[in-house]
Amino acid sequence: GSFLQILGRTTLITIVGGAGAFYYFTQREKHPGPQLPFDSSKKTLVVLGSGWGATSLLKTLDTTEYNVPEELLPLHTLAPERRRRHAEPRSIIQPTRYITRHKTRSVAVIEAEASDVDPVNKTITFQDTSEIKGSVSSTTIPFDYLVYAVGAEVQTFNIPGVQQNACFMKELHDAERMQRQFMDCIESAAFPGQDPQEVERLLHMVVVGGGPTGIELSGELHDFLEACSRSHDDLKAWYPEMAGKVRITLVEALPSVLPTFSKQLINYTESTFKESKIDILTKTMVKEVKENSVVLQMPDKSIKEVPCGMVVWAAGNKGRKLTQDLMAKLPETQKNRRGIEVDDFLRMKGSDSIFALGDCTATSYAPTAQVASQQGAYLARVLHQMAKRDNLTEKLLELESVAPAVVGEEEKKKVVEELENAKNQLAKVKLRPFHYSHQGSLAYIGSEKAIADLPFMNGNFASGGVATYLFWRSAYLSTLFSLRNRTLVATDWLKVKLFGRDVSRD
Ligand code: NAI
């Protein structure tokens, strides 16, 4: 009896304590304290972008030492949970203003598109590209340092029809457009008296690209159709006459999907897709995307036109025009076609005031969120060290200039001591090169399964299955930027478990 009493009391204390801590942290996020104002004696650090790299930098950055205008590209890229209809857009998007509101010094957030970066005069020009504009819609601001983290855009290889007829999977609005089109195909197929051939076409979904994006996307499309049959929600229950007729085809130009994952995980993915009735066509290249079909070059080089209702383009990324223009201004040092070349400290080669990170750079690392996040946090620490170094150098110069004029033994001794002190501190300020620590690769493959290549002991730890999926979910939650996002996404998941996914069009 007394054991149960102790257990009951401990549980109660844990629940009350947990709820209290949760309330405290949510209130702290909601009501941050006052911020320091703009300080003209501080250097101006412009942050360009609002993806993984820029957000991670902003979160870690100590703004005491800088004035920071942050340029926010109109849309954020955290789309996977939205694709899956497991989370609402507002749960996933981390408003940059929400992060900046918690910084020591206020950060000026500019929602605009950068149209020009001048690395010589150290200026950046922005355009207000939103629908509603004031009398001023273009501005140029100077910077002392620029963190360039604009990411990449979809690579179409100029293949005819891709831009006009395919859905992309890059930004949040792409995920929403894809869902709308997908539901439109289902509704049109369900239209009374629809021609059976047309039903077959409308219900054929083609995903182009067998990289992690294409694989995750195919798995999620399949889930939307089938995986929840256990709980009898989603499409099977809403459109019983349609569910069995939907086909998903994944097209990949290379001999295998997921080339960066281990052979074991590729096999696991292929067999999961086979069970899920997702057709994988390898050594097959998309040559054109038409309004109602996709033109394929088959492994034997023959050309085949396949009717379909929707094509989702996940065939990789390329540098933005802004990046190409910036690189063209430093032709001696920026020659890499993959993106901006940086040194070990993420400084853009050829410029002493621009740092670049994430998918817009050409490094030995894969263009992943994991790399960009680590680079962002690293750069925030480097900028802190640089500010420390600049302050000490300034102090040293000031002491050196006043030292000869100092009279009196005591005063002279004091200045010499201060000089020594500043020199010692300056010698301790060391900028360490960026080092990437690979935490593993994870990809969701549908049917509540995920694959993981994790660095473990001396080799790769490969696993797949439901346990990995749960691991993937917790890893996903941990990547979200704030307690608010995590709570919102977790409650969205709970809502889906309780009530099923939302199958309406937005
Ligand atoms: P990707 O470049 O990795 O894959 C694109 C694929 O499309 C390539 O395999 C290419 O051969 C194929 N392709 C290109 N043109 C084609 C055509 N005309 N016809 C047929 N196939 C064609 O791009 P993805 O998947 O967007 O990934 C980009 C980066 O983001 C990668 O570094 C990846 O590791 C990372 N990523 C990681 C995720 C994860 O770890 N869970 C999820 C999503 C992306």
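In what order do the 5 strands of the open sheet with parallel pairing stand? The order is β9-β16-β10-β11-β12, where strands are DSSP runs of E of at least two residues, helices are runs of H or I of at least four residues, and both are numbered from the N terminus. Strands β9 (167-168) and β12 (278-281) stand at the edges, each with a single partner strand, so one side of each is left without a neighbour in the sheet. Two strands are taken to pair if DSSP finds at least two bridges between them. The pairing of β9 with β16 (residues 310-313) is parallel and rests on 2 bridges; within it, Phe168 has Trp313 of β16 as its bridge partner.

The model is predicted, with local features requiring pLDDT of at least 70 and side-chain atom pairs counted only at pLDDT 80 or more, whereas totals for chains, interfaces and linings use all residues. Residues are numbered from 1 along each chain as its sequence is written, and side-chain values use heavy atoms, with hydrogens and water left out.

The protein chain contains 17 helices and 21 strands. Of its 506 residues, 45% are buried, a class defined by under 20% relative accessible area, with exposed meaning over 50% and partly exposed in between (1.4 Å probe, protein chains only). The accessible surface of the chain comes to about 26,300 Å², of which 56% belongs to carbon and sulfur atoms; accessible areas come from the Shrake-Rupley method with a 1.4 Å probe, and for residues only the protein chains shown count as cover. Among contacts (heavy atoms within 4.5 Å) with a separation of 6 or more, 66% join residues 24 or more positions apart. Helix α2 (residues 52-60) is largely enclosed by the rest of the structure, because 7 of its 9 residues are buried. These buried residues are Trp52, Gly53, Ala54, Thr55, Ser56, Leu57 and Leu58.

The ligand is surrounded by 24 residues, of which Thr213, Glu216, Glu252, Val286 and Leu442 are the closest; a residue is near a molecule or strand if one of its heavy atoms lies within 4 Å of it. By class, the shell comprises 15 nonpolar, 7 polar and 2 charged residues. Here Ala, Val, Leu, Ile, Met, Phe, Trp, Tyr, Cys and Pro count as nonpolar, Asp, Glu, Lys and Arg as charged, and the others, Gly among them, as polar. At least two shell residues come from each of α9 (212-225), β13 (285-289) and β19 (441-446), and α9 gives the most, with 3 residues. A polar side-chain atom of Thr213 lies 2.7 Å from an oxygen atom of the ligand. Nitrogen atoms of the ligand lie 3.0 Å from a backbone N or O atom of Val286 and 2.5 Å from a polar backbone atom of Leu442. The protein covers 76% of the 850 Å² of accessible area that the ligand has on its own.

Val286 also has a bridge partner in β14, namely Leu296. Strands β13 and β14 (residues 293-297) run antiparallel and are joined by 4 bridges, forming a hairpin with 3 residues between them.

Asn336 is located in the loop between α13 (321-328) and β18 (354-356). With a relative accessible area of 21%, Asn336 is partly exposed. Residues up to four places away in sequence aside, Asn336 touches Met327, Glu341 and Ala362. A polar atom of the Asn336 side chain lies 2.9 Å from the backbone nitrogen of Arg338.

Terms used. Polar contact = N/O pair within 3.5 Å; in protein donor to acceptor, adjacent residues only side chain to side chain.
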